[in-house]
Amino acid sequence: MIKPKKTLKQRNIKDRFMVSLLVLSTVVVLVPLLIIIAYVIINGVSALNWEFFTEELGSPSRAMQGRPTGLIHTMIGTAVVDFLALIISIPVGLGAGIMLSEYPDHKLNPYLRIINDTLNGMPAILKGLLAFALIVKPMGTFSGLSGGFALAFVMIPIIARSTESALMSIPWTIREAGLAIGLPRWRVVMSTIVPAAKTGLVTGFLIAFARAAGEAAPLMFTSFGNNYFPRHWTGMIFGPVDTLPQRLYSLAISPYKEWHAMGWAAGIVLLFFVIAIFFTARLLTRKKVY
Amino acid sequence: MKINFIKTFSLILVTGMILLTAGCGEGREKDDSDDTKKERKSRVDLLGAGASFPAPLITAMADEYRDVTRNRVVVNYQSIGSGGGIRQFVEQTIMFGMTEAFLSDEIMADIESQTGGRAFNMPITLADVVATYNVPGVDKGIVFDADVLVDIYMERITNWNDPKIEKLNPDKDLPSLPITVVHRSDGSGTTNIWTSYFSRVSDEWKAKIGYGTSVNWPTGVGGNGNEGVAGAVMNTPGAIGYNSLTYALLNDMSFGYVKNSSGNIIEPSYAATTEAANIDLPEDTRVLFTNTPAEKGYPIAGFAWMLVYENLEQNNAINNRTEAKELVEFLIWSITDGQELSEELGFARLPEAAVERNYEMIKQVKWRGEEIGKELLKKKNIS
């Protein structure tokens, strides 16, 4: 009888060893994330109080003298600007992604792909400058709208890419089935491919959204910042508006201890904002209908 | 399947909408109780940006002014640095700028040719720059004079026990410790004041390096912003840097006294800074008074200016007469009642001479030819 080179036991040991390596690398990935979350929470929790969620920021002397100050206008502003960015970027990004995946032989596609990749690699601050030149200058004022556009420039290439790969993952046979029953090509895409790729699409949107939600650079010269709510609600869109990442930055570089703590607290809020988005995304896309 | 997909989006859409209306609704409801309808119509947001040094004062003024106007006028001031303030003012994206370095002749000429009117530099408060240091065992109050500071920044004095420093500080026990020079790496009004002092007191510095919001430093390490310089100074034994007085006080940094041009040793203080500005001012107040001739004045100080167009309608950021009028009213308030906030916040009060000059400039401010500055001053019984 030939003795096998490796016994079952040996194989099992080797298998466990490889698995433990995988576990280890997962831990290595997760640990920094947990450290960041823990660090932000430890530093910021002292500044988290009721007023933080109900008051406007005002001047630094408010914080130093212990008068009520908070970031409610910043949180609402973030929601408005990010929401604007989302409704601007989804139609464009989705369109570009569909074009890349469903019409692969269109002669514009190579250029579209190059432009998209360039846009994706471009530093975010340049996208802010672009929005500054295109919207802020002609309008004569900084605005939430321009901030939304700047963030949309961040999101569009990511959405286009993720849409493309989500649609590509749908087998060609489904398209052929649709065409076989006489549907026009656009109808095949809209009624079968896009719904089938729903999970991937929404995940892509949210990854892009989370990425944009953390960007401060493109907002510096677009949404600009505001220490208060605007006097009229349209000011959120057509006037300067505060956003969490940018306010976090300006709080962090300020010379006041109280503002540093508020900066950390803003970090907590931003973190949970992004986590909440991902969580919602998971809930929305969990149920597979097909 | 398709319906689900649409649902997903409408949910995001609706969530966004709710957040939007919630945010706006809140602001509106709060005001409904004490605002009349007429007042709500005339509510105005004013937007200014620029120098970080006067930001605590301007934003505190904004808080106060909002109360004074019963929530009607809100001044949003963002601190983006003097350079940014000038830039955005020229780009006409803000209603007023703030800077610690007055507009250059070129920019003034450009603005005049573009808008058919001048740009005014109106002093709002005073900026003072102190030499901050980290010398173990020595608290605040090392005495410097102009030569010593220039020599340190030109790398001619490299140790804290240099005879030149010891001569000025006979009662201090200075260690033998190499000096690390720290300066700002970003464009800054603080640098402008600091280097203009050096240029005034040293011909060599003037010829070789000159002054400006950023210069070609002969030596030293750079720090970004007041906080960058402060961080480098506090973490490096033997370091010397420069910060605004308020910043040094807020962060418990040691800072030096300076011998002024009259030979008096001056401890940096708000009174000494106001004193320094007590000089003959030119009409447009574009003047540096570093190395002030005032006897009791602290020699490293300057104005922080508010930038305003003469013809307000030419500024793209100002949309209507109401905004222009409210801007001028805030300006008048900030140099009169608003000054009351100064000392409490660590700022030097504007000297009377500067306020007078401001009145002269405000009188010339117009909206479509209408002299709104003059009218508003008259309404406040200032002429």
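Predicted model: local features only at pLDDT ≥ 70, side-chain atom pairs only at ≥ 80, totals over all residues.
β3(B) pairs with two strands, described here in turn. With strand β1 of chain B (residues 44-50), the pairing is parallel and runs over 3 bridges. Here M98(B) of β3(B) stands opposite G50(B). With β12(B), the pairing is antiparallel, again over 3 bridges. T99(B) has W305(B) in β12(B) as its bridge partner.

Nonpolar residues were examined next. In soluble globular proteins, nonpolar side chains tend to be buried together. The largest nonpolar core of the model holds 110 residues. Within this core, the residues with the most contacts are A304(B), M306(B), V308(B), L327(B) and L331(B). The largest share of the core comes from β4(B), which gives 10 residues. A second, separate core has 67 residues. L71(A), A131(A), L151(A) and A197(A) are among them.

The two domains of chain B were then considered. Domain 1 is made of residues 5-127 and 302-379, and domain 2 of residues 128-301. Their centres, taken over C-alpha atoms, are 32 Å apart. The contact between them takes 25 residues from domain 1 and 27 residues from domain 2. On the domain 1 side, four elements of chain B give two or more residues: α4 (82-91), β4 (119-133), β12 (301-309) and α15 (352-362). By type, the residues on this side are 13 nonpolar, 7 polar and 5 charged.

The contact between the chains came last. In it, 39 residues of chain A meet 37 residues of chain B. On the chain A side, two or more residues come from each of α2 (60-64), α3 (72-102), α5 (124-139), α8 (185-196), α9 (198-213) and α10 (235-238). The largest share belongs to α3(A), with 5 residues. This side of chain A divides into 23 nonpolar, 12 polar and 4 charged residues.

Note on methods:
Residues numbered from 1 in each chain as written. Chains lettered and ligands numbered in written order. Contact = placed C-beta atoms within 7 Å. Nonpolar A, V, L, I, M, F, W, Y, C, P; charged D, E, K, R; others polar. Domains from an automatic or database assignment. Pairing = 2+ DSSP bridges. Core = buried A, V, L, I, M, F, W, Y, C linked by C-beta atoms within 7 Å. Buried ≥ 20, exposed ≤ 12 C-beta atoms within 10 Å, placed from the backbone.
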